[in-house]
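Dear colleague,

Please find the structure for your review below. My notes on its contents follow directly after it.

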Amino acid sequence: MRKAISVLLIIGLLSGCSNYRELNEVGLIIAIGIDLPEERESGYRVTYQVINPSYFSQNGSGSLPVINYTVEAETFIEAYRMASVIIPRENRVTHLSLIIIGEALARAGMGLIFDVFERGESRSTFPVFIARDSTAEEVLGVVEPLESNPTKSIISTSENNQKMYAISEAIPIYRAISLLSGEGQNLMLSGVKLSQPLKSENQTANLQNIKPSVVEVSGLAMFKKDQLAGWFDGKFARTAHLITSAVESTSFPLACKGNKNITITTQGIKSDIKTELKPEPALIVNAKIRGNVTELECYLEISNNEEMIKLEKKFEKEAENQIRETITKAQELEADVFGFGKELSKDDPEYWKRHEKEWNTLFSNAEIDVNVEANISNSGMLTDPFKLQ
Amino acid sequence: MFRKHHSHHKRVSKSVHFNIQYLKEQLGDSSDLSVRNLTIAELGHAAIIHIQGIVDEQSLHDNVLSPILAFIHEKRNVHSGKLPEEITQIISVPKIKLLNDWPEVVDNLLGGDTVILIEGHPEAIIAGTKKIQSRSITEPTTQTVIKGPKDGFTENLSTNISLIRSRIQNNKLRIEQTKAGTVTKTNIGILYMEGIADKDIVREVKLRVSKIDIDSILDTNYVEEAIKDNRKTIFPLFQSSERPDVVSANLLEGKIAIIIQGTPFALILPALLIQFFQSPEDYYANYLVSSFLRIIRIGSFYVNMYASAIYLALITHHHGLIPTTLMVTLMAQREQVPFPAIVELLLMELAFEVLREAGIRMPRAIGPAVSIVGALILGQAAVEAGFVSAAIVIIVATTAISSFTLPNPNIVNAARGLRFIFIFAAAFIGFYGIILVSLCIILHLCSLKSVGVPYFAPFSPVRFSDLKDSLIRMGSPSLLKRPTGTNRSNKVN
């Protein structure tokens, strides 16, 4: 009897641990877009992308996979709670997997907006992107045919590009926070935009178009503190990632004759950056690149070792130039997005302490010393190309 | 069934007529009681009594009746005072004795022996003509193996003992027969290996068996329930097997077997939890394969207990732990289901239990019909109609199939019971509940003992040398030593 009573008591007390929610009572938010408000002075315009489960069930054709709900409010939590005025189910952020920030908001300064994501019950491993030249609301508003929902298409386009060319890199929110709060390195976030504006409001029309409006990764946003300062584009974005060793594989066309090119596909890139004082700071990049010849447009006897060494030298020079140009671009904006300052603060903390405040100026005036060591190891299934007769 | 029954003691009288009357009275003038009256020379009246159907008629005729009739014809001059002794000399059955205690005589008569009464002698001659009908030795139905011995126990005690004797031809094999059940007076054989089995455990088992005080024993479970250490536990504390090879192997490990007349299941004790995951086939196949299969079995035991509870905890409490893509699929499936997840799960679990129970009892001829109805209605129509989600059907089916991998039905029943506790705990507080119940079960397992031997050994208390034949089975050179749990007296080093 006493046993039974104590068991009942324990069960009663344990009921506080319950967190019971049926699957068909929750609205799963998979992405959040944040923009400057349109209807109010301050606060945010937040777009919640919520999964529409009935689309995925057997008889769910006709609806769309996700529904976007846009709310404006003073703060995030306010918006999250306010969203209940339009979202019919209890919204949950446990599966949140993407944050998009509108360019206008990023330029105005993001402040501490990531705080709420680390503080709350969502994971903090999902990536953050900037909606380039547009709003987050717009970027999240397109369903493209190849992926089941906009969130997935943004993430997978970015991941795919990171693997194939490396303009884009998915920066998880915890890294963005540590870059924003750390010293000596500024934040870089990848940009996304729509490849073309939606032709009609009707999403199914887009799905049936052979050349639909899709998500496009575009450039790399450089931040000064929490404000977007400028963009790296195309090749420069790729090279910026090369400097931070974030490139898996990419391609380098080298001019050979006229407007013909030799293309080197890189396999492994490892670069070291540091700042030397001589006595003014100099930015040093030592990169090691391994690559293969994957395309030859002009006749070159690459079976000849000397030709190969010449090619490697050419490749090194090209890479060095690109790295130099990319750093120069960052210097123009006084945004040390590669972490030269961070390296300096580790190597010479005393100097760093004295010059921390003026680092941006020091950075933009610093000399650049780039040293690339290239190694071309393979030329595919062919050695010399065929000859045109 | 378990009521006590007492009979008063009485002695055999000198008068044959009176004795027959007494016997008829005792047996309620039963129609299968056969009495044959004889006159032995001038020495007087005699009667040969047996019960039809349980005696060996051939043996009765050849070994009892014929010698006695021949004796009468010879009309030898015998001193009447020694007639019973003379008769025992001429009767040629292997087992013969003189009794004068009525209850004992009646017991023997009911056991299939023939009773010979002679006028003027207050003694009954008991001739062993017992022949109990039994089926022939067939393949065991509960613990089948692909490779290995195919014979199984029958309902006949002496056949069963012979199956073990033929495997262990050793003078150290001890077989002690006793009777239990105040009404049924069932023969019970206690088997062990002298010198291997622990003496204290043997003494304890004998003591417990001698203290059994119930009316009837019709199956090993009657004995098991009467002598087990903890009556409240859901776990089987003794192993039961209808395989003589399993019993022999266990005897050789120092365990004790209890064999009962009338059931093909022998009881093996003490038993450890890990034993219920060991199939006899483990020892008849390559040890690497056996180890793999044993891990599969233990894994499916866990699946059987936990799968539905974990699923329930995930979809009701811990949405964040499900990968997003799977989450979307599950949400899509749950969209149209009208019941809460717990109701849905219990519906399907119970439906399966009903099907399973029906499967045992339904006539074989309509088996296919029931399985089609079960598969189609539960598997397909219920999902299509939106009663339950497809995921639940998958979970319940996985649970059901995994329960059939275990070689012992008793442990499956334990898992079945615990599964429902886990489901309720999961619905209540999610993983926290599952872990809480798991801890309680582990504590309970650690507290259990089977005839004084820790049930959860060799894991707790840890016995390193026995771990070689627990979750996995090592090759035979490392299994030369006997398990340390059940025999302490005769260790092989």
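In chain B of this predicted model, β2(B) and β4(B) run antiparallel and are joined by four bridges. Within this pair, B:Ala46 has B:Ile118 of β4(B) opposite it. Helices (H or I, at least four residues) and strands (E, at least two) are DSSP runs, numbered from the N terminus, and two strands are taken to pair if DSSP finds at least two bridges between them.

The two strands belong to an open, antiparallel sheet of five strands in chain B, ordered β1-β2-β4-β5-β3. Because β1 and β3 of chain B stand at the edges with a single partner strand each, one side of each is left without a neighbour in the sheet. On average, neighbouring strands of this sheet are turned by 20° against each other, direction ignored. Axes here are lines fitted to C-alpha atoms, for helices over the stretch in contact, and angles run from 0 to 180 degrees between N-to-C directions.

Two helices lie across strands of this sheet. Helix α2 (residues 57–74) of chain B lies across β1, β2, β4 and β5 of chain B, at about 20° to β1(B). Helix α3 (residues 83–90) of chain B lies across β1, β3, β4 and β5 of chain B, and runs at about 160° to β3(B). Contact means heavy atoms within 4.5 Å.

Helix α4 (residues 102–110) of chain B has as its buried residues B:Trp102, B:Pro103, B:Val105, B:Val106, B:Asn108 and B:Leu109; buried means under 20% relative accessible area, exposed over 50%, and partly exposed in between (1.4 Å probe, protein chains only). These buried residues of α4(B) pack against α1 (16–26), β1 (33–40), β2 (44–51), β3 (96–99), β4 (114–118) and β5 (124–127) of chain B. After α4(B) comes B:Gly112, with a positive phi near 110°.

Further along chain B, B:Thr316 is placed in helix α9 (residues 287–316). B:Thr316 counts as buried because its relative accessibility is 0%. Leaving aside residues up to four places away in sequence, B:Thr316 touches A:Asn19, A:Tyr20, A:Arg21, B:Ala341 and B:Ala426.

B:Gly433, in helix α15 (residues 431–447) of chain B, is also buried, with a relative accessible area of 3%. The C-alpha atoms of B:Gly433 and B:Ala309 are separated by 9.7 Å, although these residues are 124 residues apart along the chain.

An unreviewed UniProt entry lists residues 256–277, 387–406 and 418–445 of chain B as "transmembrane region". UniProt positions are given in the numbering used here, feature names are shortened, and annotations may be inferred rather than shown by experiment. In the model, residues 256–277 of chain B are 0% helix and 41% strand, with end C-alpha atoms 19 Å apart. Residues 387–406 of chain B are 70% helix and 0% strand, with end C-alpha atoms 31 Å apart.

In chain A, strand β11 (residues 251–255) and strand β12 (residues 261–277) pair in the antiparallel sense over five bridges, with A:Leu254 opposite A:Ile262. The two form a hairpin with five residues between them, and A:Gly258 in the turn has a positive phi of about 60°. β12(A) is also joined by 15 bridges to the antiparallel strand β13 (residues 281–296) of chain A, through a hairpin of three residues.

Residues are numbered from 1 along each chain as its sequence is written, while chains are lettered from A and ligands numbered from 1 in the order in which they are written. Local features need pLDDT of at least 70, side-chain atom pairs count only at pLDDT 80 or more, totals for chains, interfaces and linings use all residues, and side-chain values use heavy atoms, with hydrogens and water left out.

With kind regards
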